[in-house]
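This report describes how the secondary-structure elements of one model are arranged. It takes the sheet, then the ligand surroundings, then the packing of helices.

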Amino acid sequence: MPGGLPWLFADPRGTTAAWRARLTLLLGELRREAAACGAAITADVSSRTRERLGLLEAAYRDHADRLAGLLEPFGTGTAVASHDTLQALRTRLPGSQGLTNYYANIHRDWAWGDDENQASLALLTSVIDAGLAGERVLVLGAGAGRLAYDLHRAQQPALTFAMDINPLLLAVAREMYAGRSLELYEFPIAPRGIADHARLRTLRAPAPADERLHLIAGDALHAPFEPGTFDVVVTPWFIDIVEAPFTLLAARVNGLLADGGRWLNLGSIAFASAQRAEQLSLEEALQVVQQCGFAPPVVREAELPYMRSPASRHARIESTVAWCARRHSAATEPAAPDLLPPHLLDATLPVPLPPELAAHAAATRIHAFLLSLIDGRRSLADIAGVLVEQRMMAPADAAPAVRAFLLRLHEDAARRANY
Ligand SMILES: C[S@@+](CC[C@H](N)C(=O)[O-])C[C@H]1O[C@@H](n2cnc3c(N)ncnc32)[C@H](O)[C@@H]1O
């Protein structure tokens, strides 16, 4: 139970290690960013630019310390491996889920977002046919926890479990629910003025949560509950970002609900799966809901302000959809997506080498060889010369190929990673 949170993952140690690795990468990135801001304060920059860079340098450093402190109970304070090793290995958490993906939501939830939070609650409440008093509620992908908190306070269910996969968001929710305040920086997308580049915000809930609102760390696709445990499952801003076909999610939601239970959904309909058949519109999503054992849902839509930070010149308007769908029968789960291959389940089996992996390994070796030629002394022409000498390339192709390679390295270095 790291950080006082029930840590209900199928592989709790592996998940802790994976988040620890991401935190280590993030802290390294923030400290490098601080150093880069400091280094950019040269004699050539104007006093205003100096002011902004100085603010950011201090804020990134302080931000890294604050995040390390907040996540320290997860055992994330110390490096688990070198930065390079972690970069190379990645982790087994959903690739799209970084620690800071939804960092802005923290400030919307607990600093400046009262209007947005109330509008979300009002839209969701407008589709609820009967109150939730006395019911058992599960919120999947609860994030920093505001909607779960507001819904719980407004509807007084018997209990609410707010579940998320992200330990940073959960650690913030834990502090808020306990009635403590927290200071964290906001880094808006389009800062209004210099001071807005890094705003230290105080986060606080209007009042401590009662003892019937619980936080859980876990994967919504493998929710650690008996079938039929809940009367209500809520999916706020979740269905279109979770890494699973919607049919599978709908069947899992069905499985968590008791007979007659309700699925409350709120959020965007912006399925961004790489699979074309999964890029559902609202009509398709509603059809899937009904195919998965739910009665035709009550649906409302409203244009809601989204992430309108007072410190930012950027904000969104989202055509937000809410529905309430009542479960009438069990759903048939779609065929499980590809199971893990045997060598990932049994560590003693040989790792197979299919042709595409052999090609990838060969390309990686060449990549590593090229990188090893960059020693701070060789020029582009020298490196191309080595490739020709080694008979890896014809003289006419070598220099352009090395130029393209170095250009890609240069562009990759300018891009910020997401941990
Ligand atoms: C778009 S955010 C919405 C957060 C929150 N409901 C809100 O409205 O601010 C999606 C949330 O889903 C969480 N999430 C993503 N995949 C998950 C999974 N497999 N299980 C549980 N939570 C997940 C993310 O950590 C994130 O908090």
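The model is a predicted one, in which local features need pLDDT of at least 70 and side-chain atom pairs count only at pLDDT 80 or more, while totals for chains, interfaces and linings use all residues. Residues are numbered from 1 along each chain as its sequence is written.

**The sheet**

Seven strands form an open sheet with mixed pairing, in the order E5-E2-E1-E6-E7-E9-E8. Its edge strands are E5 (213-217) and E8 (298-306), each of which pairs on one side only. From one strand to the next the twist averages 20°. Within this sheet, strand E1 (residues 136-140) and strand E2 (residues 159-164) pair in the parallel sense over five bridges, and leucine 138 has phenylalanine 161 in E2 as its bridge partner.

**The ligand surroundings**

A residue is near a molecule if its C-beta atom, placed from the backbone, lies within 6 Å of it. There are 20 residues around the ligand, of which Gly141, Gly143, Ile165, Asn166 and Ala220 come nearest. By class, this shell has 13 nonpolar, five polar and two charged residues, where Ala, Val, Leu, Ile, Met, Phe, Trp, Tyr, Cys and Pro count as nonpolar, Asp, Glu, Lys and Arg as charged, and the others, Gly among them, as polar.

**Helix packing**

Two packed helices are described by the angle between their axes and the distance between the axes. The axes are lines fitted to C-alpha atoms, for helices over the stretch in contact, and angles run from 0 to 180 degrees between N-to-C directions.

| Helix pair | Angle | Axis distance |
|---|---|---|
| H1 (residues 12-39) and H2 (residues 47-70) | roughly 165° | within 8 Å |
| H8 (residues 246-256) and H9 (residues 282-291) | about 40° | 9 Å |
| H12 (residues 380-389) and H13 (residues 395-414) | roughly 130° | within 9 Å |

Angles under 35 degrees count as roughly parallel, over 145 as roughly antiparallel, 65 to 115 as roughly perpendicular and the rest as oblique. H1 and H2 are therefore roughly antiparallel to each other. H1 passes H2 in a left-handed crossing, a crossing being left-handed if the near helix is turned anticlockwise from the far one by less than a right angle, and right-handed if clockwise. The contact of H1 with H2 includes Leu27, Leu30 and Arg31 of H1 and Leu53, Leu56 and Glu57 of H2, contact meaning that the C-beta atoms of two residues, placed from the backbone, lie within 7 Å. By class, that contact has ten nonpolar, two polar and four charged residues.

H8 passes H9 in a right-handed crossing. Here Phe246, Thr247 and Ala250 in H8 meet Ala285, Val288 and Val289 in H9, and the contact has five nonpolar, one polar and no charged residues.

H12 likewise passes H13 in a right-handed crossing. Among the residues that make this contact are Leu380, Ala381 and Ile383 of H12 and Pro395, Ala398 and Arg403 of H13. By class, the contact of H12 with H13 has eleven nonpolar, no polar and one charged residues.

Technical notes
Helices (H or I, at least four residues) and strands (E, at least two) are DSSP runs, numbered from the N terminus. Two strands pair if DSSP finds at least two bridges between them.
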